[in-house]
Amino acid sequence: MIKSLYTRVVLIFLVSVIGGTVIAFFVATWVFKDKLNENLHVSLSNFGQDFVRVYETIPPSEADSFVSGMKQLDSYHVRIFDKTGQFQSYGMLHGHHIATVTMEQVNKVLRGEVVRVNTDGISSILLGLPLKTEMGTKAMFVEPLAPPSSTFFVKWIWSFVTYSLVTGSLLILAASVFLIRPIKRLTNATRRIAAGDFNVKLNIKQSGELGTLARSFEEMIHDLQQLEQMRREFVSNVSHEVQSPLTSISGYAIALKQVDIAPAEQSRYLDIIIAEAERMSKMSDSLLKLSLLESQSQQMRLVTLRLDEQIRRVIVAIQPQWSARNIRFELNLRPVTLTADHDQLNQVWTNLLGNSIKFSTDGGTIIVSVKQDNKNVTVRISDTGIGISPEDQKRIFDRFFKADRAHSRKYDGSGMGLAIVKQIVSLHRGDIRVESELGQGASFIVTLPITTPIE
């Protein structure tokens with residue numbers, strides 16, 4: 001098995017050229033066979049008639065001497081038969097095999113007929129002509145030793161084959177260098193990427209399949225760079241989010257070891273430790289849930305449900321959060337039935353409504369509306385909270401990302417809620433987007449298909 005692409009390209013070219021040339025040779029021979037035979041018959045007939053005229057114009061003794069010195073006998077062989085079948089030859093054979101002449105053919109010529117016989121393809125043609133001499137009529141048979149037209153044709157074909165192979169081989173060797181060069185660059189780039197170096201520039205300007213491959217490879221490099229950046233940010237965020245509660249737990253646990261701490265102070269320290277432990281537990285649960293959603297190892301349980309009723313139940317379930325801050329709800333929920341995973345959608349509305357409550361001002365208003373068209377249902381949740389900057393809106397659905405770091409202590413949370421929402425909506429083949437301005441509140445728009453496709 002040939003592993004080198006360079007060698008395979010060269011060999012394929014050579015096999016193609018040789019095979020094509022050989023086929024072309026036989027096809028051309030077959031196509032021009034009749035034409036070559038016709039030309040050969042004409043030249044053979046002309047030579048035979050000239051030979052006959054020599055014997056008709058000069059005495060036999062002088063004629064024999066004259067024809068013996070003819071240069072045409074290098075290409076033709078002449079045999080002159082008498083009635084008994086005895087013959088006299090003119091011309092050297094030079095290793096050529098001559099055709100057999102039968103007495104039947106001799107007798108036909110002696111009777112004044114012209115005999116033409118194709119004995120074996122193009123190069124073997126036998127011509128019989130009557131030859132009148134002072135000693136009576138004889139039968140002359142002329143045979144070409146090496147037909148000029150076919151010899152030239154064969155030489156031309158083999159010259160063409162040789163020059164084609166030499167020229168084509170040189171050209172393909174040069175062209176293969178340009179063909180293999182971008183592939184070698186891609187190979188080297190792959191090795192660097194495998195080693196963790198994503199700062200790779202291919203600089204391949206070719207078009208066609210190689211250009212398309214190079215462009216796709218560059219897009220893959222860009223995506224890998226983003227994934228690597230996200231991985232580093234994720235590790236950094238996880239470390240930060242875990243370090244903060246661990247520091248609090250460790251600090252207050254050390255403080256509890258002091259003997260002179262008042263019981264009330266000890267109780268406060270324990271409450272902080274419990275709260276930080278619960279915070280870590282929630283973050284761990286969110287990470288696990290998001291991991292299961294992204295790997296799709298948790299199968300969706302699709303059921304037919306009333307979306308408007310589900311949202312109402314979620315609002316009632318989180319009533320302690322919004323009633324304590326005098327937040328008011330305005331609902332415009334049309335009756336809508338769709339097919340989806342009940343528990344996952346419940347998580348979506350819980351997270352979105354919880355965020356709206358968290359970032360709304362006391363006494364604010366949250367507006368929830370549901371609209372439906374032929375294929376999709378759209379849920380819009382709008383609040384009158386602090387809003388989100390345009391820069392933060394691009395990353396609002398990234399895990400651990402908190403839109404307002406300055407208020408991260410005031411608004412508790414791990415930054416995992418919207419990432420989970422985004423993944424659940426994507427699993428339902430839906431879409432989620434945000435519209436917001438700083439200080440003007442935020443609106444989250446969720447679009448879901450009425451029937452979620454099953455894969």
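This is a predicted model: local features need pLDDT of at least 70, side-chain atom pairs count only at pLDDT 80 or more; totals for chains, interfaces and linings use all residues.
**Aromatic pairs, salt bridges and a surface patch**

Ring pairs join F81, F87 and F141 into a cluster. In total, the structure contains 5 aromatic pairs. In one of them, the ring centres of F81 and F87 are 4.9 Å apart. Their planes meet at 40°, so this pair is tilted. F81 is buried, at a relative accessible area of 5%. F87 is partly exposed, at 45%.

Another pair is formed by W322 and F329, with ring centres 5.3 Å apart. Here the planes stand at 70°, so the pair is edge-to-face. W322 counts as buried, with 18% relative accessibility. F329 is buried as well, with a relative accessible area of 16%. Both values fall under the 20% limit for burial.

The charged end of K422 sits over the ring of F397. The distance from that charged end to the ring centre is 5.8 Å.

Salt bridges number 10. One of these joins the side chains of R328 and E330, at 3.1 Å from N to O. R328 is partly exposed, with a relative accessible area of 45%. E330 is also partly exposed, at 34% relative accessibility.

A further salt bridge links R380 with E435, and its closest N and O atoms are 2.7 Å apart. R380 belongs to strand 10 (residues 376-382), whereas E435 belongs to strand 11 (residues 431-436). The bridge therefore ties together parts that are 55 residues apart in sequence. R380 counts as partly exposed, at 30% relative accessibility. E435 counts as partly exposed too, at 33%.

E435 has another partner. Its side chain meets that of R433 in a salt bridge of 2.6 Å, N to O. R433 is partly exposed, with a relative accessible area of 39%. Elsewhere, salt bridges with shared partners connect R306, D308, E309, R312 and R313 into one network.

The surface also carries a nonpolar patch. I18, V22 and F26 form this patch. Together they have about 280 Å² of accessible area. V22 lies in helix 1, which covers residues 5-31. The relative accessible area of V22 is 39%, so this residue is partly exposed.

Methods:
Residues are numbered from 1 along each chain as its sequence is written. Side-chain values use heavy atoms; hydrogens and water are left out. Patches are made of residues with over 30% relative accessible area and no salt bridge: like charges are joined within 9 Å, nonpolar side chains (Val, Leu, Ile, Met, Phe, Trp, Tyr) within 5 Å. Accessible areas come from the Shrake-Rupley method with a 1.4 Å probe; for residues, only the protein chains shown count as cover. A salt bridge is a side-chain nitrogen of Lys or Arg within 4 Å of a carboxyl oxygen of Asp or Glu. Helices (H or I, at least four residues) and strands (E, at least two) are DSSP runs, numbered from the N terminus. Buried means under 20% relative accessible area, exposed over 50%, partly exposed in between (1.4 Å probe, protein chains only). Rings of Phe, Tyr and Trp (its six-membered ring) pair if their centres lie within 6.5 Å; planes under 30 degrees apart count as stacked, over 60 as edge-to-face and the rest as tilted. A charge sits over a ring if NZ of Lys or CZ of Arg is within 6 Å of the ring centre and within 35 degrees of the ring normal.
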